[in-house]
Amino acid sequence: MLNDKFILGGIEISKDTNININIELPKLYNTPTQLPVRVIRGKKDGPTVFVSAAIHGDELNGIEIIRRFRKLNILKRLKGTLILVPIVNVYGVMNLSRYLPDRRDLNRSFPGSSKGSLASRIAKVFFDEIVLKCDLGIDLHTAAIHKSNLPQIRTNTNNEYTFNLAKAFGAPVVLHSELRDGSLRSSAQDNGVPILLYEAGEALRFDETSIRIGVNGLVNVLRANKMLPYVTRKKTKKLPVITKNSKWIRASSSGMLRTIKALGDTVKENEIIAYIDEPLGDETFEVVSPFDGIIIGKSEIPLVQEGDAVFHIANFKNLEIAENKIEYFNEDAIEQSEFHELNNEEIIE
Ligand SMILES: [Zn+2]
């Protein structure tokens with residue numbers, strides 16, 4: 001798409017160019033505010049893909065994923081165009097907040113409007129300047145505040161193209177997820193731009209495994225999309241756990257949450273995952289799994305109110321296979337050493 005003439009932020013970018021561009025956003029009072037974007041165009045033609053992070057301003061793993069990914073030497077062999085947007089919600093990142101100063105959620109404001117709310121105007125700039133120029137988007141998220149997610153790709157598994165890319169990414173879990181109104185994914189898809197959503201780790205924290213799976217995942221998807229070459233011999237890789245449905249379990253009572261299962265653990269139907277204890281009462285309530293599956297998300301706060309979502313379980317029947325796959329993907333992420341330029345980087349503990 002648009003391989004010869006590519007214009008972003010009013011600047012024409014020719015092939016074989018690697019450039020930072022700042023796109024004007026609504027000012028914060030008198031302070032000019034810009035959306036920083038890196039555009040990398042290869043010598044050869046190919047698809048145009050964007051990678052975005054921090055649409056929710058407190059979800060930081062994606063910023064680090066893009067920072068590491070951008071330094072990879074393999075990008076010199078890119079076919080097509082990459083648009084990297086490490087911080088979409090610049091206002092939220094400054095405030096360590098998921099939301100915008102108008103308290104709206106940017107990811108419920110797409111495709112946006114130039115006459116709408118602040119959130120809607122920012123969404124419009126991002127959507128028109130970046131999303132609509134692309135053939136594919138990869139949007140990086142973490143769990144919401146005080147929750148954590150096992151690295152997972154969420155996409156429409158009924159679409160063969162995105163399903164194949166989701167499997168190629170190399171996260172331990174691929175989850176079919178329905179579209180949410182106003183989300184980037186839903187609006188982009190309505191305009192013919194498929195989106196892969198990577199969800200991994202916690203808000204306001206870095207998680208090394210999530211970051212590494214993310215960096216490799218971007219390379220893996222671009223390879224599967226014929227934009228990057230395979231440099232090493234392709235190993236036969238395992239398929240991730242693929243699941244069509246999942247469920248958040250809610251606390252049946254208020255109290256202190258004593259968790260006995262970890263993220264990535266498998267659980268049987270009716271197996272106890274945690275206990276809820278009253279601070280002075282003698283009663284203890286059990287939190288049990290509604291079906292056989294894997295814990296793909298959990299609350300990190302040991303205090304719960306009745307009705308709080310505490311565990312996210314992905315439905316999967318064969319627990320032995322699931323255990324095996326999750327172990328494989330986590331170890332692969334830590335041990336893999338294909339990108340030598342990353343090996344000298346200090347590891348986040
Ligand atoms: Zn998010």
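User: Which residues in α6 meet F329, N330, A333 and I334 in α7?
Analyst: Good place to start! This is a predicted model, where local features need pLDDT of at least 70 and side-chain atom pairs 80 or more, while totals for chains, interfaces and linings use all residues. Residues are numbered from 1 along each chain as its sequence is written, and side-chain values use heavy atoms, without hydrogens or water. Facing F329, N330, A333 and I334 of α7, the partners in α6 are T209, R212 and I213.

User: At roughly what angle do the axes of α6 and α7 cross?
Analyst: Helix α7 covers residues 319-335 (helices are DSSP runs of H or I, at least four residues, and strands runs of E, at least two, numbered from the N terminus). The axes of α6 and α7 come within 9 Å (lines fitted to C-alpha atoms over the stretch in contact, with angles from 0 to 180 degrees between N-to-C directions). They cross at roughly 80°.

User: Which residues of α4 make the contact with α6?
Analyst: The axes of α4 (residues 160-169) and α6 (residues 208-224) come within 8 Å and cross at roughly 140°. On the α6 side, the contact (heavy atoms within 4.5 Å) includes I213, G214 and N216. On the α4 side it is made by L165, A168 and F169.

User: Is H56 buried or exposed?
Analyst: Its relative accessible area is 3%. Buried means under 20%, exposed over 50% and partly exposed in between, using a 1.4 Å probe and protein chains only. H141 falls in the buried class as well. So H56 is buried.

User: How far apart in space are H56 and L140, C-alpha to C-alpha?
Analyst: Beyond its neighbours within four places in sequence, H56 is in contact with several residues, including N89, R98, D105 and H141. As for L140, it is 84 residues from H56 in sequence. In space, C-alpha to C-alpha, H56 and L140 are separated by 9.6 Å.
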